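Please open the model and keep it in view while you read. The points below go through it one by one.

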Amino acid sequence: MNTAWVFVPVSVLAAGGAVAQMPPRPVFVPQLALNEAASPSGFGSAWNVAGVERSWEFVVIHHSATTSGSVESIHREHRQRKDRNGQPWLGIGYHFVIGNGFGMPDGEISSTFRWRDQIHGAHSGSIRHNASGIGICLIGNFEYSKPTAAQKESIVRLIAYLIDRYQISSRRIIGHRHIRETACPGRHFPLGSIVQESLRLAETPEHSGRPD
Ligand SMILES: [Zn+2]
(Lines give C-alpha, C1' and ligand atoms only; values in the text may rest on other atoms or scores of the structure.)
Protein backbone atom coordinates (compact mmCIF):
# COMPACT_ATOMS: atom_id res chain seq x y z
CA MET A 1 0.00 0.00 0.00
CA ASN A 2 2.72 2.40 0.93
CA THR A 3 4.63 1.84 -2.28
CA ALA A 4 4.93 5.57 -2.75
CA TRP A 5 7.96 5.40 -0.50
CA VAL A 6 9.66 3.08 -2.92
CA PHE A 7 8.99 5.07 -6.05
CA VAL A 8 10.90 8.11 -4.98
CA PRO A 9 11.71 10.28 -7.97
CA VAL A 10 15.47 10.23 -8.33
CA SER A 11 15.45 13.93 -9.10
CA VAL A 12 13.98 14.66 -5.70
CA LEU A 13 16.63 12.64 -3.92
CA ALA A 14 19.35 14.29 -5.94
CA ALA A 15 18.02 17.70 -5.13
CA GLY A 16 17.70 16.77 -1.47
CA GLY A 17 21.23 15.41 -1.37
CA ALA A 18 22.54 18.69 -2.69
CA VAL A 19 21.08 20.63 0.20
CA ALA A 20 23.77 19.78 2.70
CA GLN A 21 26.64 20.97 0.50
CA MET A 22 25.03 24.26 -0.28
CA PRO A 23 25.42 27.37 1.78
CA PRO A 24 22.24 28.38 3.55
CA ARG A 25 19.92 31.07 2.24
CA PRO A 26 19.60 33.09 0.07
CA VAL A 27 20.56 30.63 -2.69
CA PHE A 28 18.87 27.71 -0.94
CA VAL A 29 15.27 28.52 -1.74
CA PRO A 30 15.41 29.74 -5.33
CA GLN A 31 17.81 27.05 -6.50
CA LEU A 32 15.89 24.15 -5.05
CA ALA A 33 12.46 25.67 -5.27
CA LEU A 34 11.87 23.89 -2.00
CA ASN A 35 9.03 26.21 -1.25
CA GLU A 36 7.32 29.05 -2.96
CA ALA A 37 5.46 31.71 -1.11
CA ALA A 38 2.08 33.06 -1.99
CA SER A 39 0.72 36.14 -0.32
CA PRO A 40 -2.31 35.43 1.87
CA SER A 41 -4.52 37.26 -0.58
CA GLY A 42 -3.05 35.78 -3.72
CA PHE A 43 -2.97 32.44 -5.42
CA GLY A 44 0.06 32.80 -7.60
CA SER A 45 2.27 30.29 -9.31
CA ALA A 46 3.21 28.79 -5.95
CA TRP A 47 -0.05 26.91 -6.04
CA ASN A 48 0.64 25.33 -9.38
CA VAL A 49 1.62 21.72 -9.45
CA ALA A 50 4.06 19.91 -11.68
CA GLY A 51 2.45 16.85 -13.22
CA VAL A 52 -0.71 14.97 -12.44
CA GLU A 53 -2.74 16.04 -9.43
CA ARG A 54 -3.39 13.42 -6.78
CA SER A 55 -6.93 12.64 -5.74
CA TRP A 56 -6.78 14.20 -2.31
CA GLU A 57 -9.37 13.10 0.25
CA PHE A 58 -8.30 14.72 3.50
CA VAL A 59 -6.91 17.94 4.87
CA VAL A 60 -4.84 17.27 7.98
CA ILE A 61 -3.94 20.28 10.10
CA HIS A 62 -0.87 20.51 12.31
CA HIS A 63 0.97 23.01 14.43
CA SER A 64 4.74 23.15 14.51
CA ALA A 65 4.70 23.10 18.35
CA THR A 66 7.41 25.76 18.17
CA THR A 67 7.21 29.52 18.58
CA SER A 68 9.01 30.19 15.31
CA GLY A 69 9.81 28.33 12.13
CA SER A 70 9.75 28.18 8.37
CA VAL A 71 9.71 25.70 5.52
CA GLU A 72 13.50 25.63 5.64
CA SER A 73 13.77 25.00 9.38
CA ILE A 74 11.22 22.17 9.26
CA HIS A 75 12.89 20.74 6.16
CA ARG A 76 16.23 20.60 7.97
CA GLU A 77 14.66 18.85 10.94
CA HIS A 78 12.63 16.36 8.94
CA ARG A 79 15.63 15.36 6.87
CA GLN A 80 17.10 13.92 10.09
CA ARG A 81 14.16 11.53 10.43
CA LYS A 82 13.77 8.00 9.14
CA ASP A 83 10.65 6.20 7.95
CA ARG A 84 9.50 2.79 9.18
CA ASN A 85 11.85 1.10 6.70
CA GLY A 86 14.83 3.02 7.98
CA GLN A 87 14.95 5.29 4.93
CA PRO A 88 15.55 8.99 5.50
CA TRP A 89 12.61 11.28 4.83
CA LEU A 90 12.75 13.21 1.58
CA GLY A 91 12.45 16.43 3.52
CA ILE A 92 9.68 18.49 4.99
CA GLY A 93 6.68 16.23 5.50
CA TYR A 94 3.96 18.84 4.90
CA HIS A 95 2.43 20.17 1.71
CA PHE A 96 1.88 23.69 3.02
CA VAL A 97 3.26 25.82 5.83
CA ILE A 98 1.67 29.01 7.16
CA GLY A 99 3.99 31.45 8.93
CA ASN A 100 3.39 33.39 12.15
CA GLY A 101 5.83 36.27 11.69
CA PHE A 102 8.76 34.50 13.36
CA GLY A 103 10.85 32.80 10.70
CA MET A 104 8.27 33.43 7.98
CA PRO A 105 5.94 36.38 7.36
CA ASP A 106 2.75 36.29 9.41
CA GLY A 107 0.02 34.59 7.40
CA GLU A 108 2.26 33.69 4.48
CA ILE A 109 1.30 30.41 2.84
CA SER A 110 4.17 28.44 1.36
CA SER A 111 3.72 25.30 -0.65
CA THR A 112 6.53 22.73 -0.48
CA PHE A 113 8.03 20.32 -2.97
CA ARG A 114 5.48 17.72 -1.87
CA TRP A 115 2.67 19.89 -3.18
CA ARG A 116 4.45 20.97 -6.32
CA ASP A 117 5.34 17.35 -7.19
CA GLN A 118 2.03 15.99 -5.86
CA ILE A 119 3.60 13.34 -3.69
CA HIS A 120 2.52 11.73 -0.42
CA GLY A 121 3.07 13.55 2.84
CA ALA A 122 4.95 12.42 5.92
CA HIS A 123 2.97 14.04 8.67
CA SER A 124 0.11 11.95 10.01
CA GLY A 125 1.53 8.65 11.26
CA SER A 126 -1.08 6.90 9.08
CA ILE A 127 -0.36 5.42 5.67
CA ARG A 128 -3.81 6.31 4.40
CA HIS A 129 -3.70 9.90 5.58
CA ASN A 130 -0.17 10.39 4.33
CA ALA A 131 -1.16 9.05 0.92
CA SER A 132 -4.37 11.01 0.47
CA GLY A 133 -4.16 13.82 3.01
CA ILE A 134 -2.90 17.32 2.36
CA GLY A 135 -0.70 18.19 5.32
CA ILE A 136 -0.84 21.82 6.43
CA CYS A 137 1.38 23.05 9.25
CA LEU A 138 0.87 26.37 11.01
CA ILE A 139 3.90 27.72 12.81
CA GLY A 140 3.13 28.12 16.50
CA ASN A 141 2.32 26.11 19.58
CA PHE A 142 -1.44 26.18 19.97
CA GLU A 143 -1.36 24.33 23.24
CA TYR A 144 -0.23 27.65 24.72
CA SER A 145 -1.32 30.36 22.28
CA LYS A 146 -3.76 30.95 19.45
CA PRO A 147 -3.02 31.22 15.76
CA THR A 148 -2.65 34.83 14.60
CA ALA A 149 -5.50 36.56 12.78
CA ALA A 150 -3.46 36.44 9.58
CA GLN A 151 -2.86 32.70 9.99
CA LYS A 152 -6.58 32.09 10.48
CA GLU A 153 -7.46 34.13 7.43
CA SER A 154 -4.87 32.27 5.36
CA ILE A 155 -5.86 28.77 6.42
CA VAL A 156 -9.53 29.53 5.73
CA ARG A 157 -8.58 30.74 2.27
CA LEU A 158 -6.37 27.73 1.63
CA ILE A 159 -8.93 25.18 2.84
CA ALA A 160 -11.70 26.87 0.83
CA TYR A 161 -9.54 26.52 -2.25
CA LEU A 162 -8.85 22.84 -1.52
CA ILE A 163 -12.53 22.09 -0.81
CA ASP A 164 -13.44 23.67 -4.08
CA ARG A 165 -10.77 21.97 -6.14
CA TYR A 166 -10.87 18.46 -4.68
CA GLN A 167 -14.44 18.27 -3.35
CA ILE A 168 -13.19 17.40 0.13
CA SER A 169 -16.04 16.98 2.60
CA SER A 170 -16.01 18.90 5.87
CA ARG A 171 -15.81 15.64 7.85
CA ARG A 172 -12.44 15.04 6.23
CA ILE A 173 -10.92 18.31 7.33
CA ILE A 174 -9.31 17.14 10.52
CA GLY A 175 -6.63 17.82 13.06
CA HIS A 176 -3.68 15.50 13.52
CA ARG A 177 -5.15 14.41 16.85
CA HIS A 178 -8.11 12.85 15.05
CA ILE A 179 -5.71 10.33 13.51
CA ARG A 180 -3.37 9.47 16.35
CA GLU A 181 -2.75 10.28 19.95
CA THR A 182 -1.19 13.71 19.94
CA ALA A 183 -2.09 17.20 21.11
CA CYS A 184 -1.47 18.52 17.58
CA PRO A 185 -2.67 21.05 16.44
CA GLY A 186 -3.18 22.16 20.05
CA ARG A 187 -6.16 22.90 22.26
CA HIS A 188 -6.38 26.55 21.18
CA PHE A 189 -6.66 25.78 17.47
CA PRO A 190 -10.28 26.63 16.54
CA LEU A 191 -10.86 23.78 14.11
CA GLY A 192 -14.66 23.94 14.14
CA SER A 193 -14.90 27.61 13.24
CA ILE A 194 -12.08 27.34 10.69
CA VAL A 195 -13.97 24.55 8.90
CA GLN A 196 -17.24 26.49 8.98
CA GLU A 197 -15.63 29.65 7.63
CA SER A 198 -13.84 27.67 4.92
CA LEU A 199 -17.11 26.06 3.82
CA ARG A 200 -18.80 29.46 3.69
CA LEU A 201 -15.97 30.91 1.64
CA ALA A 202 -15.91 27.92 -0.71
CA GLU A 203 -19.61 28.43 -1.37
CA THR A 204 -19.06 32.05 -2.36
CA PRO A 205 -18.75 31.94 -6.13
CA GLU A 206 -16.39 34.88 -6.38
CA HIS A 207 -13.99 33.84 -3.62
CA SER A 208 -10.45 34.49 -4.61
CA GLY A 209 -9.31 30.90 -4.32
CA ARG A 210 -11.52 29.72 -7.11
CA PRO A 211 -9.53 29.12 -10.26
CA ASP A 212 -10.78 31.08 -13.25
ZN1 LIG B 1 0.80 17.14 13.77
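1. Start with the contacts. Among those between residues at least 6 apart in sequence, 72% join residues at least 24 apart. Keep in mind that this is a predicted model.

2. Now the layout. The protein chain has 7 helices and 6 strands. Read from the N terminus, the order is α-α-β-β-α-β-β-α-α-β-α-β-α. The chain holds 212 residues, and 38% of them count as buried.

3. Next, the core. The largest nonpolar core has 31 residues. V59, V97, I136 and I159 have the most contacts inside it. Two or more residues come from each of strand 2 (58-63), helix 3 (71-78), strand 3 (96-98), strand 5 (133-138), helix 6 and helix 7. Helix 6 gives the largest share, 8 residues.

4. Look at I159 in particular. Set aside its neighbours within four places in sequence. I159 is then in contact with V59, I173, I194 and S198.

5. Turn to the helix pair. Helix 6 covers residues 149-166 and helix 7 covers residues 191-203. Their axes come within 8 Å and cross at roughly 55 degrees. Helix 6 is therefore oblique to helix 7. The crossing is right-handed.

6. Which residues make this contact? Helix 6 brings K152, I155, V156, R157, I159, A160, I163 and D164. Helix 7 brings I194, E197, S198, L199, L201 and A202. By class, the contact has 9 nonpolar, 1 polar and 4 charged residues.

7. Some backbone details deserve a check. Most residues other than glycine have a negative phi, and most peptide bonds are trans. Where does this model depart from that pattern? One place is the peptide bond joining C184 and P185, which is cis, with omega about 5 degrees. P185 sits in the loop between strand 6 (173-175) and helix 7.

8. A65 is not a glycine, yet its phi is positive, about 60 degrees. Find A65 in the loop between strand 2 and helix 3. Is A65 buried or partly exposed? A65 counts as partly exposed, because it has 18 C-beta neighbours inside 10 Å, and a buried residue needs 20 or more.

9. Q167 lies in the loop between helix 6 and strand 6. Q167 has 11 C-beta neighbours inside 10 Å, so it counts as exposed. The cut-off for exposed is 12 or fewer.

Notes: Residues are numbered from 1 along each chain as its sequence is written. This is a predicted model: local features need pLDDT of at least 70, side-chain atom pairs count only at pLDDT 80 or more; totals for chains, interfaces and linings use all residues. Axes are lines fitted to C-alpha atoms, for helices over the stretch in contact, and angles run from 0 to 180 degrees between N-to-C directions. Helices (H or I, at least four residues) and strands (E, at least two) are DSSP runs, numbered from the N terminus. Angles under 35 degrees count as roughly parallel, over 145 as roughly antiparallel, 65 to 115 as roughly perpendicular and the rest as oblique. A crossing is left-handed if the near helix is turned anticlockwise from the far one by less than a right angle, and right-handed if clockwise. Two residues are in contact if their C-beta atoms, placed from the backbone, lie within 7 Å. Ala, Val, Leu, Ile, Met, Phe, Trp, Tyr, Cys and Pro count as nonpolar, Asp, Glu, Lys and Arg as charged, and the others, Gly among them, as polar. A nonpolar core is a set of buried Ala, Val, Leu, Ile, Met, Phe, Trp, Tyr and Cys residues joined through C-beta atoms within 7 Å.
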